[in-house]
Amino acid sequence: MKISNSISKLSGVTQAAVVMATELNRRVLSEAGFKDAAIDLATTNDMIVAIEAKDGESIASALEETEKLLGSGEIQAGEKAQPATLEEALEIAPDANLVVISVPGKFAKREAMQALNRGLNVFLFSSNVSQEEEVELKALSKKKELLLMGPDCGTSIINHKVLGFGNSIREGNIGLVSASGTGLQEVTTLIHKAGLGISHAIGTGGGDLSEKVGGVTMIQGLQLLEQDVQTKVIVLISKPPGEATTKKVLEVARRSKKLIVINFLGEDNTHLVTGKLRAAAILDEAAQIACKLAGGKTEVATAAIPKETVSLALSEHKKLASGQKYIRGLFAGGTLCFESQIILQSVFGEVFSNAPVRHENIIAGNAASKKHTCIDMGAEEFVEGRAHPMIDFGLRKMRILQEAKDPETAVILIDVELGYGSNDDPAGQLVSVIEKAKAIAKDAGRNLPIVASVVGTEGDFQGLANQEQALSRAGVIIMPSNALATKVSAIIASGKKGSNPLQEF
Amino acid sequence: MPIEKKTEKKNILTEKLKVVNIGISTFADDLRSQNVEVVHVDWKPPAGGDLEMLKLLEKLGL
């Protein structure tokens with residue numbers, strides 16, 4: 001992906017892609033105008049270099065640069081060879097305490113088992129690890145009292161060091177355990193934006209709270225934070241776990257001497273509020289409650305939509321054509337997609353998605369949007385042989401233009417993630433397509449509002465203010481959280497302010 | 001058979017991180033930029049990626 005970006009920026013190059021020849025990538029290339037028999041014949045064992053440029057000279061120099069970049073990973077003569085196995089690495093670093101694993105899923109269990117057997121904690125980024133393998137790995141981690149974050153764990157912050165994807169967050173007294181990567185990023189950045197900070201944020205991987213796995217990592221994480229002197233408040237984040245797992249996690253939580261915020265998204269968690277437990281329905285609320293308990297101001301930045309933004313949203317509504325009725329949410333963050341659905345369901349009832357909160361509202365990710373639609377562009381169907389949409393904006397850009405052409409689209413809602421692992425310049429990726437989308441709508445006699453939230457902080461290398469300003473200059477309405485961006489989108493689409501707790505502002 | 005590291009059981013939250021990175025090298029680069037000591041493994045699929053052979057190796061504890 002980084003190579004595609006570098007080549008695209010070369011002078012004379014109009015578009016370029018250096019990708020694995022998966023079916024999805026071949027289709028995308030064909031839609032982008034790259035049609036060739038060699039592409040049709042390529043298999044997943046092949047890599048496709050596709051370059052469109054204004055002349056032959058530009059293509060030749062782009063090809064030369066591609067070869068240089070593709071070869072840059074090779075060890076040059078005279079360079080010290082790297083260890084080839086964990087065993088060899090431990091000869092160099094016998095006191096290592098954590099192994100970060102991101103090998104293809106079918107090899108991940110083997111590497112993780114070896115690490116655990118050597119007494120090492122594991123951050124397992126690899127996906128496509130079977131549930132049976134996860135159960136086996138977690139039984140071992142539990143027995144050895146080692147932390148196994150993952151599989152499919154996108155982010156953790158341990159001792160203020162980011163593992164995988166994640167943001168630069170102030171040190172503080174709020175600890176988190178999260179089964180959701182973007183959920184963890186959203187809540188930690190909101191805590192930072194509210195002027196507070198975190199002790200540790202432990203990712204568990206998305207499958208940890210399934211009934212078969214039983215929340216092993218969440219319970220371990222909770223117990224570790226319980227012992228941690230820096231942690232005063234603990235936040236637990238997950239999509240709704242199974243009944244037995246919920247019971248197990250809550251039993252441990254109830255024994256805690258610390259204040260705990262439970263955010264099992266989409267569940268009515270109010271019955272959980274006992275003793276030191278608090279419940280939050282959405283990520284934004286979890287951050288607010290945690291900040292309040294940790295001694296911050298009651299009124300954090302994301303608690304309300306400023307009056308002038310409400311006025312702006314209402315005036316945007318008035319500019320909509322009569323057919324423009326629906327919100328189209330295009331998300332890189334799966335949990336943000338989930339959070340938006342929860343909010344929009346409370347306003348509009350039905351919301352369609354490829355990762356729906358209610359199963360009856362499922363639509364295929366590549367199908368046209370239906371009424372209010374939220375698409376998780378990080379879902380498996382979009383990432384086969386491609387980088388995650390936090391890095392590769394290609395498919396999301398195409399979808400933004402598709403929604404702009406739809407006369408029923410009232411507002412496009414997007415999320416942008418900064419920090420380690422994300423694209424170097426997300427706003428730079430989006431600005432031209434946003435301008436194009438607005439122009440498409442304008443040519444058809446429509447106004448097209450676009451609302452976004454940026455998950456990030458000033459400490460992130462992309463810079464929060466830079467990114468927000470660049471998007472704002474392109475005419476995007478920027479909100480400080482995904483929940484508020486969703487609520488503003490709801491006002492634009494409906495022309496009404498909300499009336500129930502999820503819509504409060 | 002791998003020999004288990006005979007060290008006192010420690011808690012990852014209270015220790016300074018020292019990492020072995022197996023797989024995507026940018027994770028090692030990101031950790032180094034945060035002043036974390038990292039050893040990166042130049043990983044290749046074991047048994048040339050042959051899963052049957054891999055299962056045999058696992059049976060032998062290799």
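In E15(A), A:Phe352 has A:Thr373 as its bridge partner. That pair belongs to a predicted model, where local features need pLDDT of at least 70, side-chain atom pairs count only at pLDDT 80 or more, and totals for chains, interfaces and linings use all residues. Residues are numbered from 1 along each chain as its sequence is written, while chains are lettered from A and ligands numbered from 1 in the order in which they are written. Helices (H or I, at least four residues) and strands (E, at least two) are DSSP runs, numbered from the N terminus. Two strands pair if DSSP finds at least two bridges between them.

**The six-stranded sheet of chain A**

- Six strands of chain A form an open sheet, in the order E14-E15-E13-E16-E17-E18, with parallel pairing.
- Strand E14 (352–353) and strand E18 (476–479) of chain A are the edge strands, and each pairs on one side only.
- E14(A) and E15(A) run parallel and are joined by two bridges.
- Strand E13 (residues 326–331) of chain A pairs with E15(A) in the parallel sense over four bridges. There, A:Arg328 stands opposite A:Thr373.
- Strand E17 (residues 450–455) of chain A pairs with E18(A), again parallel, over four bridges. A:Ser453 stands opposite A:Met479 in E18(A).
- Strand E15 (residues 373–376) of chain A is covered on both faces. A:Thr373 and A:Ile375 are buried on one side, A:Cys374 and A:Asp376 on the other. A residue is buried if 20 or more other C-beta atoms lie within 10 Å of its own, exposed if 12 or fewer, and partly exposed in between, with C-beta atoms placed from the backbone.
- In a regular strand the side chains alternate between the two faces of the sheet.

- Five strands form an open sheet in the order E5(A)-E4(A)-E3(A)-E1(B)-E2(B), and the pairing is parallel.
- Strand E5 (148–149) of chain A and E2 of chain B stand at the edges with a single partner strand each, so one side of each has no neighbour in the sheet.
- E3(A) and strand E1 (residues 18–22) of chain B pair in the parallel sense over four bridges. A:Leu98 stands opposite B:Val19 in this pairing.
- E1(B) and E2(B) also run parallel, joined by five bridges. B:Val19 has B:Val38 as its bridge partner in E2(B), and B:Ile22 stands opposite B:Val41.
- The chain goes from E1(B) through helix H1 (residues 25–33) of chain B to E2(B), a right-handed β-α-β crossover. Right-handed means that, with the strands pointing away from the viewer, the path from the first strand over the helix to the second runs clockwise.

**Chain B**

- Chain B has two helices and two strands. Along the sequence, they follow the pattern β-α-β-α.
- Of the 62 residues in chain B, 29% are buried.
- Strand E2 (residues 37–41) of chain B is mostly covered, with four of its five residues buried.

**The contact between the chains**

- Chain A brings 39 residues to the contact and chain B brings 36 residues. Two residues are in contact if their C-beta atoms, placed from the backbone, lie within 7 Å.
- On the side of chain A that touches chain B, the elements giving two or more residues are helix H5 (86–92), strand E3 (98–101), helix H6 (105–117) and strand E7 (161–164) of chain A.
- H6(A) gives the most to that side, with six residues.
- The residues on that side of chain A divide into 19 nonpolar, 12 polar and eight charged. Ala, Val, Leu, Ile, Met, Phe, Trp, Tyr, Cys and Pro count as nonpolar, Asp, Glu, Lys and Arg as charged, and the others, Gly among them, as polar.

- Helix H10 (residues 243–255) of chain A has 13 residues and reaches 19 Å from its first C-alpha to its last, close to the expected 18 Å. The expected span is 1.5 Å times one less than the number of residues.
- A:Thr245, A:Thr246, A:Val249 and A:Ala253 are the buried residues of H10(A). They cover an arc of only 100° around the axis, which puts them on the same side of H10(A). The arc is that of the directions from the helix axis to the C-beta atoms.
- On the other side of H10(A), the exposed residues are A:Glu243, A:Ala244, A:Lys247, A:Glu251 and A:Arg255.
- The buried residues of H10(A) pack against helix H9 (216–227), strand E10 (233–238), strand E11 (259–264) and strand E12 (277–279) of chain A.
- Helix H11 (residues 283–293) of chain A has 11 of its 11 residues buried, so it is largely enclosed by the rest of the structure.
- After H11(A) comes A:Gly295, whose phi is positive, near 100°.
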